[in-house]
Amino acid sequence: MAELKDFAEQLVNLTVKEVNELATILKDEYGIEPAAAAVAVAGPAAGGEAAAEEQTEFDVILTAAGGSKLAVVKLVKELTGLGLKEAKGIVDSAPAAVKEGVSKDEAEGLKKSLEEAGAEVELK
């Protein structure tokens, strides 16, 4: 039991970069898509650090699907490489992260594409 508590403490104290690396490992090596867990763990860790230094990584957050939900689902599927069911899940659960830890240019490009499809998007 103590080992699980230590493990949980390690997870909570991960930096945003470490969370993104963990997500990549889980996806590539084990086929696990940890999008929801990464958002939950990354949230508290980013607060203090982000204010102190200039932000270099951005999260693209879908806040609403807008009037053309089907077009937004198809675009999320295309942009993320997810399956149709997973893309629909992101759109249905808005606000939700479409992509995390991307460069400013990539984040702005994703935002523009999603807004052209009718979605409401914000960058964090």
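**Notebook: core, salt bridges and surface patch**

I began with the largest nonpolar core, which has 21 residues, and noted that V60, L62, V72, V76, V91, V98 and L114 touch the most other members. A nonpolar core is here a set of buried Ala, Val, Leu, Ile, Met, Phe, Trp, Tyr and Cys residues joined through side-chain atoms within 4.5 Å. I then listed the elements that each supply at least two residues of this core: β1 (58–64), α4 (69–80), α5 (84–92), β2 (96–102) and α6 (104–116). Helix α4 gives the most, with four residues. Helices (H or I, at least four residues) and strands (E, at least two) are DSSP runs, numbered from the N terminus.

For the record, this is a predicted model, in which local features need pLDDT of at least 70 and side-chain atom pairs count only at pLDDT 80 or more, while totals for chains, interfaces and linings use all residues. Residues are numbered from 1 along each chain as its sequence is written, and side-chain values use heavy atoms, with hydrogens and water left out.

**Entry: V91**

I looked up the contacts of V91 (contact means heavy atoms within 4.5 Å). Leaving aside neighbours within four places in sequence, V91 is in contact with L62, A65, K69, V72, V73 and V76.

**Entry: T80**

I placed T80 in helix α4. T80 counts as buried because its relative accessible area is 16%; the classes are buried under 20%, exposed over 50% and partly exposed in between, with a 1.4 Å probe and protein chains only. Not counting residues up to four places away in sequence, T80 touches V98 and K99. I also noted that a polar atom of the T80 side chain lies 3.2 Å from the backbone nitrogen of L82.

**Entry: salt bridges**

Side chains of opposite charge can pair when their charged atoms come close. I took a salt bridge as a side-chain nitrogen of Lys or Arg within 4 Å of a carboxyl oxygen of Asp or Glu. By this rule I count four salt bridges.

How far apart are the closest N and O atoms of K88 and D92? They are 2.6 Å apart in this salt bridge. Both residues lie in helix α5, four residues apart, about one turn of the helix. K88 is partly exposed because its relative accessibility is 40%, and D92 is likewise classed as partly exposed, at 38%.

E106 forms a salt bridge with K99, the closest N and O atoms being 3.5 Å apart. I found E106 partly exposed at 36% and K99 partly exposed at 24%.

The side chains of E122 and K124 meet in a salt bridge at 3.4 Å, N to O. E122 is partly exposed at 32%, whereas K124 counts as exposed because its relative accessibility is 51%.

**Entry: surface patch**

Which residues form a nonpolar patch on the surface? I recorded I25, Y30 and I32, with about 320 Å² of accessible area together. Patches are made of residues with over 30% relative accessible area and no salt bridge; like charges are joined within 9 Å, and nonpolar side chains (Val, Leu, Ile, Met, Phe, Trp, Tyr) within 5 Å. Accessible areas come from the Shrake-Rupley method with a 1.4 Å probe, and for residues only the protein chains shown count as cover.

I32 lies in the loop between α2 (16–30) and α3 (35–52). I classed I32 as partly exposed because its relative accessibility is 44%. Not counting residues up to four places away in sequence, I32 touches L26 and K27.

Key
Polar contact = N/O pair within 3.5 Å; in protein donor to acceptor, adjacent residues only side chain to side chain.
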